[in-house]
Amino acid sequence: MIPRTNPLCDRTSQTKHKLWTFVLCILWSLACGCGQAPSPAQNPPATLTSPVSEKPAARPDDVARTQNKDVLALPTSTPANEEPQQTAGNTETAALKVRLPDERPGLNAARLAQAGIRRYESRRLILLSDLPEEIVAHLPAIADQLFDRLESHFGKLPASIDDSDFQVTGHLIDNEQAFRAAGLMPSETFTFDHGRHWNYQFWMFDTEQDYYRRHLLLHEFTHCFMTCECGMQQLPASWYMEGMAEFFATHRLVNQQGTPARVEFGVFPESFEDFEGWGRISEIRRSFQRRGSADAANPEHLTITTLEDVMPDHAKNFTQYSQYATSWALCWFLQTHPDYRDPFRSLATLRTGDEISETVRQLRGHLQPRLGTDWLLFVESLREHYDVNHSFPVHSKTPLTANDLKTGIAKFQVQADLDWQDSGLRLAAGESVNVKCTGHFSVNDQPHLWMSEPQGVSIEYFSGLPLGQVVATLVSDAGVSMTSRISVGTGKTIRTSQNVSVWLQVNDSSASRRNNAGTVDVEFSLP
C-alpha cells in the first residue's frame, strides 16, 4: 500500500516514516504475537497507480488533538462498578495496544475531477464516488454515527502510532474503469464481488437499493474499525468478523428529515420494505424451509446449520453467501438473548483471533448443549419482526422422563403468547408418549378476538398447519438437530428414534405472539 505521503517528499520525511514502521513492527510483535502468514486471499492490494499526491489540509480536530503521545495502554486496576478488561483468553501482551498508522495514499483533486469522481468528507470517512451527489453526500455523516456506536461497544480506540485521527477512505464505485483511470483501484488480484477492505480503506460496487448501499458501506467501515489495532494479522474467525460487521450494518433511519438523519445500528428488520436488498432471513429460511408434518412417528429433520458449523473452533473462510446470513443471525442472537449477551460481551474487549477463539471455546463448553438447542429453535422461528419478548425458547426447570410416567400422568401448560416451550419431557431412543391437549385461547385480537382450541383455526394457516394448532418439535439432547413441526392438535402419540427433548407451542409466527392470550392444558402418558 502506498504511504500517505507525497512521493516527492524530502529525505527527512522518508526517514521518519521508516522509523515509525520499525516501531510498529515491534509493537505488533508484542501486541498480536507472531501469527502465521496470511493466506493469499488476505494479501494486501498491490500498489495503486500513483497520482501526484496533494497533502490534505489540516482539520480543526487535528489541531486540537490531544498532546498525549503515549501509545502503550498499560493495564490499570478496574473500579468495582466497571466491567473488567482482562477476560478469558486475554494475555499480558494483548494489553499493549496501538492503532495502525494512517498510510492511505494522497488524493489528487484534478485527477479525481477528470475521472468524474467526487470527494465527500466527514471526520471519520472520506468517500470517493462517481455516483450522483444526492445519492452519496449524506453517507459520511452516517459513518461518523457508526464510529461512535462501535466505540461504545468495543471501547475507545487507542492512539495511533503516528498520532493520526481515525479516518477511512471509501470507494463507492459505479464505473470501475473511471476508478482505475484515476489510480484508485487495487490490483486485479485483490478481487471482490460486493465490497472489501484493507486497513483504513475499502472498495465497494454500487447497488440499486438505497438501504443496501448504506448497509454495505457500514459493513466495510466496521471491518476497518475492527482491524485497525492488529491490522490483517491474527484476524478473528470469519463468523465473528463478518457477523459483527453485519450486525452493526443492519440499521434503521430514525429521522430521515434531519440533517444528518439519525441512525440506529444493530437493529432487527421489521419488514422487507425498509431493508431492500438485505434478505438475510430469507436466505436462512430457504436453507431448511420445510412444511409441518402430520406424521409423528417419522417426523422430518430440518437441515438447520448447527452451532458447531456456524462458529467452528478453527478459522473458516466463507464460500457461500448463506454464511453471512447465519453469522449475522448468530451475532444478533448472542448480543440480544438475555442468557447469552453478558457471557459473550467479553469478546468486545479482545482483538486477536487466538484470544477470541479461546474465549468462545470456553463459553461454548460451559453453555452447551443448551446454547446449541436455543440456536436451533431460534433459527426455526426466525422471521422479520421477531418478537424478543415472546419468542426466545423457554426452558423447563423440572425435567421428566418416560420412567416418571409409569406412576401416572404428567401435566404441562403451553402459553399461547410464547414461542417454543420446553415441556420438560425427555425421551430416549425408541420411546413413545401420548400427548393430550385441551383448552381455549386466542390467537389474534384484531379486529376482534380469534378464539381457538388445540386443533387450531381453519381460516388461516402458518407453516403448513392451522393457526393456533398445538404443535411439537423434538430436539436432540446434544442440541445438533430438530424435527419439523409435528401436528399434535387435541392428541397424538409421539415416537422418537434418538434421545430428545419435547418442545411445544401454539402454531403461530414469532412476529405475532404478543396478541395471543390464554393457555393449553397438556397431559403426557405412556401409550
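Biologist: Accessible areas here come from the Shrake-Rupley method with a 1.4 Å probe, and for residues only the protein chains shown count as cover. What does the accessible surface of the protein chain come to?

Modeller: About 24200 Å², with 51% of that belonging to carbon and sulfur atoms. This is a predicted model, where local features need pLDDT of at least 70, side-chain atom pairs count only at pLDDT 80 or more, and totals for chains, interfaces and linings use all residues. Residues are numbered from 1 along each chain as its sequence is written, and side-chain values use heavy atoms, without hydrogens or water.

Biologist: How many helices and strands are in the protein chain?

Modeller: 15 helices and 20 strands. These are DSSP runs numbered from the N terminus: helices are H or I with at least four residues, strands are E with at least two.

Biologist: What percentage of the residues count as buried?

Modeller: 51% of the 527 residues. Buried means under 20% relative accessible area, exposed is over 50%, and partly exposed is in between, with a 1.4 Å probe and protein chains only.

Biologist: And the contacts: what share comes from residues 24 or more positions apart?

Modeller: 73% of those with a separation of 6 or more. Contact means heavy atoms within 4.5 Å.

Biologist: Now the core. Which residues have the most contacts inside the largest one?

Modeller: Phe-154, Phe-166, Phe-221, Trp-239, Phe-344, Trp-375 and Phe-378, in a nonpolar core of 84 residues. Such a core is a set of buried Ala, Val, Leu, Ile, Met, Phe, Trp, Tyr and Cys residues joined through side-chain atoms within 4.5 Å.

Biologist: Which helix gives the most to this core?

Modeller: Helix 7, residues 210–226, with nine residues. Of its 17 residues, 16 are buried, so helix 7 is largely enclosed by the rest of the structure.

Biologist: Switching to rings. How many aromatic pairs turn up?

Modeller: 29 across the whole structure. Rings of Phe, Tyr and Trp (its six-membered ring) pair if their centres lie within 6.5 Å; planes under 30 degrees apart are stacked, over 60 edge-to-face, and the rest tilted. Take Phe-154 and Phe-248: centres 5.8 Å apart, planes at 50°, so tilted.

Biologist: Where do Phe-154 and Phe-248 sit?

Modeller: Phe-154 is in helix 5 (residues 139–154) and Phe-248 in helix 8 (residues 238–249), 94 residues apart. Phe-154 is buried at 9% relative accessible area. Phe-248 is buried too, at 0%.

Biologist: Which residues do ring pairs link into a cluster?

Modeller: Phe-268, Trp-278, Trp-328, Trp-332, Phe-333, Tyr-340, Trp-375, Phe-378, Tyr-386 and Phe-392. Leaving out residues up to four places away in sequence, Phe-378 touches Ala-329, Trp-332, Phe-333, Tyr-386, Phe-392 and Pro-393.

Biologist: What sits over the ring of Phe-147?

Modeller: The charged end of Arg-124, 3.8 Å from the ring centre. Arg-196 lies over the face of Phe-190 at 4.0 Å. The test is NZ of Lys or CZ of Arg within 6 Å of the ring centre and within 35 degrees of the ring normal.
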